[in-house]
Amino acid sequence: MNATTQARYKVGGMDCASCATKIDTAVRRMPGVEDVSVSVAAGTMTVTHDGTGDLGAVEKRVTGLGYTLRALGQKAGANARRSGDLPSIPPLEGENGKAHNHDHHHGHGGGHDHSHHDGAHHHGGHDSAQIEGLHGHDHGPMDGPWWKSAKGRLTILVGIALAAAYGLGHLLPAYDTYIFTAAMLIGLVPIARRAIMAALAGTPFSIEMLMTIAAVGAVVIDASEEAAAVVFLFLIGELLEGVAAGKARQSIQSLTALVPKNAIVEENGRTREVPAESLAVGAIILVRPGDRISADGMIVAGESAVDEAPVTGESTPVSKSMGDTVFAGTINGDGALRVRVTAAAEDNTIARVVRLVEEAQESKAPTERFIDRFSRYYTPGVVAVAALVAILPPLVAGASWSEWVYKGLAILLIGCPCALVISTPAAIAASLSSGARRGLLMKGGAVLETLGKITAVALDKTGTLTAGKPQVTDVIAFGRNAEDVLRLSAALETGSSHPLAVAILAKAADDEVEIPAATDARALGGKGVTAIVESQEVFLGSPKAAAERVSLPMAHSRRITALNDEGKTVSVLIVGGVLAGAIAMRDEPRPDARAGLKALTDAGIKTVMLTGDNARTATAIGTDLGIEVRAELMPEDKSRIVGELKRQGFVVGKVGDGINDAPALAAADVGIAIGGGTDVALETADAAALHGRVGDIAAMIELSKRTMRNIYQNISIALGLKAVFLVTTIIGITGLWPAILADTGATVLVTINALRLLRVKAA
């Protein structure tokens with residue numbers, strides 16, 4: 001079997017990037033594993049393997065490190081794994097010989113059915129060693145209150161032990177070393193166990209290892225009271241990290257909470273309530289006024305205004321009627337709707353957005369990759385410095401061993417790379433989540449990072465800068481008054497679905513014109529339409545076809561040419577053989593296009609319109625919007641121009657709304673799909689602006705710049721605090737306590753700073 005398969009897992013208890021690195025290092029070394037991507041923010045791990053390896057062993061390795069695992073299913077390459085491919089896995093041995101409640105059953109349907117029950121942290125009893133390596137919560141970092149999580153329980157236990165040790169130490173001063181050592185061991189045993197597992201799995205310099213060495217060293221030099229306090233502070237720090245990581249994770253998961261749990265299904269004229277996730281494609285659901293819509297679908301009866309703010313951020317409700325699409329999570333206004341379900345629960349818009357964001361968080365940004373590499377050398381470097389500080393002064397200058405060993409141990413704790421390693425992913429996760437909630441989807445850290453560097457944006461015209469459908473711009477009276485011209489034209493077009501006909505009918509509806517009945521209507525291929533209206537023959541068609549029927553006076557011809565030069569399509573109306581008037585139409589710019597382009601140019605970004613439309617129309621729109629125009633292009637021309645811009649040294653963003661833009665979207669540094677998000681555009685693009693607002697492009701670039709600023713602030717906080725404490729430790733001002741506080745404090749500060757990115761309200 002050489003087809004690659006991807007297995008996805010939910011990982012519990014992973015709340016800082018060094019956790020992710022440990023898991024990554026451990027799993028990558030397993031046989032048959034080709035690639036691993038771990039997302040702290042989503043709490044997921046994706047393993048790409050060739051089918052020869054034993055997934056059970058991979059899972060055992062991760063749970064051995066002290067995390068919980070739940071399979072999320074898999075995507076197969078050429079062939080999915082069959083049930084016989086893997087041996088059955090015996091229950092994993094628990095921390096103290098008890099078996100974990102992880103029943104791994106292998107299904108018989110080709111999949112691989114892990115029936116972990118969701119509360120994998122309620123392991124038997126309340127003994128500290130059994131608290132799954134102090135990493136034991138299943139879904140997010142913190143489901144429910146912190147004190148119910150395994151980490152929380154262990155921290156409380158160590159806190160109580162420490163308080164008891166202080167009391168007993170005063171009563172029995174002769175034994176206080178032993179008492180504090182015992183209190184410390186309650187917390188240290190699970191930490192040390194994880195340190196050893198991580199070292200065996202390829203991460204010798206984990207924070208747990210540094211912590212273990214420091215605590216044991218402190219006991220050796222008779223600082224057991226401090227050792228116990230440091231272990232306790234370390235656990236508090238981990239708990240805080242867990243809470244902070246949970247905040248970042250919930251922000252994107254809160255989107256899924258928008259979809260209601262139940263739906264009212266209509267079958268054979270009867271209605272019944274069913275769980276929303278059980279809805280099958282094709283089912284008819286009834287949505288009452290004021291209800292949240294429970295699935296993506298198409299309206300089959302009824303009309304109403306739908307509030308799409310939860311999904312698209314669009315503040316004004318959108319009026320919808322039969323044939324229109326609706327999204328799960330949006331709120332129905334004042335009319336009852338019957339909706340045919342078009343996507344299963346796991347494929348609806350919100351689920352896809354959440355999935356895209358989670359997958360995006362697994363793909364690393366260049367800065368993040370650099371920090372990962374940096375920390376790989378940084379931690380061993382710190383260990384070496386700590387060793388030199390502990391050994392050299394006593395050996396060379398005859399200084400006190402216990403004093404300098406103590407300083408060396410403090411430096412070990414300062415050296416933990418946690419804050420540094422999390423500085424980037426925390427900011428990126430917060431930023432991706434904050435973007436997704438405003439309809440700005442970015443597929444990964446690398447995309448997010450590149451967006452801020454964009455110096456040129458190439459935009460498609462139709463459907464991106466313009467609404468994508470023609471609108472009536474002028475009704476011109478020649479022989480009849482303007483209202484007559486619109487009324488009779490609308491009579492001819494009633495019932496037609498041609499874009500120009502739809503535009504005329506929309507204009508008639510806006511002006512509340514009464515449309516007369518037409519009989520004997522005929523379409524004249526390529527020329528126009530004719531019918532009998534109010535007992536006269538009426539014709540509406542191109543100026544050329546009209547000129548064959550009546551003579552167009554020079555003044556009228558000039559007027560029509562002037563309209564054509566503005567990029568408008570003109571239809572001429574003839575009533576009873578007499579010239580009556582004309583209607584001009586054009587695909588008008590989106591209402592926000594001008595402001596959106598101005599935001600880009602204000603940011604110093606070059607903008608250019610690329611369109612397959614004729615030069616005259618394109619130039620007219622371009623002049624109106626104040627943007628450089630390249631017209632009459634084939635799809636391959638668009639990607640060629642993107643390439644030219646890149647060669648001129650621009651970092652190019654390409655914005656388009658669909659299929660014909662796919663080659664150019666792929667050629668650009670960042671391809672951005674805009675609007676209703678056709679599936680192809682969403683798949684090929686690196687980013688998507690779901691609301692279809694041109695202003696969103698500038699918002700994305702601004703979000704990227706803010707994120708990069710946040711990352712640099714985070715790196716400065718992390719390294720700055722370490723540098724300060726390194727100096728104060730060597731001078732002898734600070735000791736073990738401040739050292740561990742400096743590490744934890746930096747991690748918490750960095751996470752809180754990153755969470756500021758979530759606070760951006762919808763534009």
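How many aromatic pairs does the structure hold? In this predicted model, the count comes to 3 aromatic pairs. A pair of aromatic rings is described by two things, the distance of the centres and the angle of the planes. For Tyr 166 and Phe 180, the ring centres are 5.0 Å apart and the planes meet at 75 degrees; angles over 60 count as edge-to-face, so that is the label this pair gets. Tyr 166 has a relative accessible area of 29%, which makes it partly exposed, whereas Phe 180, at 3%, counts as buried.

An α-helix has 3.6 residues a turn, so residues three or four places apart point the same way. The ring centres of Phe 370 and Phe 374 are 6.1 Å apart with planes at 25 degrees, so this pair is stacked; the cut-off is under 30 degrees. Phe 370 is partly exposed at 47% relative accessibility, and Phe 374 is partly exposed too, at 32%. Tyr 378 joins in as well, as ring pairs link Phe 370, Phe 374 and Tyr 378 into a cluster.

Rings also turn up with charged partners. Lys 407 lies over the face of Trp 404, 4.1 Å from the ring centre. Over the ring of Phe 539 sits the charged end of Arg 549, at 4.2 Å from the centre.

Now for a sheet. Here 6 strands form an open, antiparallel sheet, running in the order E16-E21-E20-E19-E18-E17. Strands E16 (471-477) and E17 (518-524) are the edges: each has a single partner strand, so one side of each has no neighbour in the sheet. From one strand to the next, the twist averages 20 degrees. Strands of a sheet pair through backbone hydrogen bonds, either parallel or antiparallel. E17 pairs with strand E18 (residues 528-533) in the antiparallel sense, over 5 bridges, and Leu 524 stands opposite Gly 528 of E18. Helix H15 (residues 499-510) packs on this sheet, where it touches E16, strand E19 (536-541), strand E20 (569-575) and strand E21 (578-586). The direction of H15 makes about 70 degrees with that of E16.

With 12 residues at 1.5 Å a residue, H14 should span 16 Å, and the end C-alpha atoms are 17 Å apart, which agrees. Is H14 mostly enclosed or open? Of its 12 residues, 10 are buried, so H14 is largely enclosed by the rest of the structure. The buried residues include Val 485, Leu 486 and Leu 488, but also Asp 484, Arg 487 and Glu 493. After H14 comes Gly 495, with a positive phi near 90 degrees.

Finally, there is Asn 753 in helix H24 (residues 736-755). With a relative accessibility of 8%, Asn 753 counts as buried, because buried means under 20%. Which residues is Asn 753 in contact with, leaving aside its neighbours within four places in sequence? The contacts are Asn 710, Gln 713, Asn 714 and Ile 717.

Conventions:
Residues numbered from 1 in each chain as written. Predicted model: local features only at pLDDT ≥ 70, side-chain atom pairs only at ≥ 80, totals over all residues. Heavy atoms only, no water. Pairing = 2+ DSSP bridges. Helix = DSSP H or I, 4+ residues; strand = E, 2+ residues; numbered from the N terminus. Axes fitted to C-alpha atoms, helices over the stretch in contact; angles between N-to-C directions. Contact = heavy atoms within 4.5 Å. Expected span 1.5 Å × (residues − 1). Buried < 20%, exposed > 50% of the residue type's maximum accessible area, 1.4 Å probe, protein only. Phe/Tyr/Trp six-rings, centres within 6.5 Å; stacked < 30°, edge-to-face > 60°. Lys NZ or Arg CZ within 6 Å of the ring centre and 35° of its normal.
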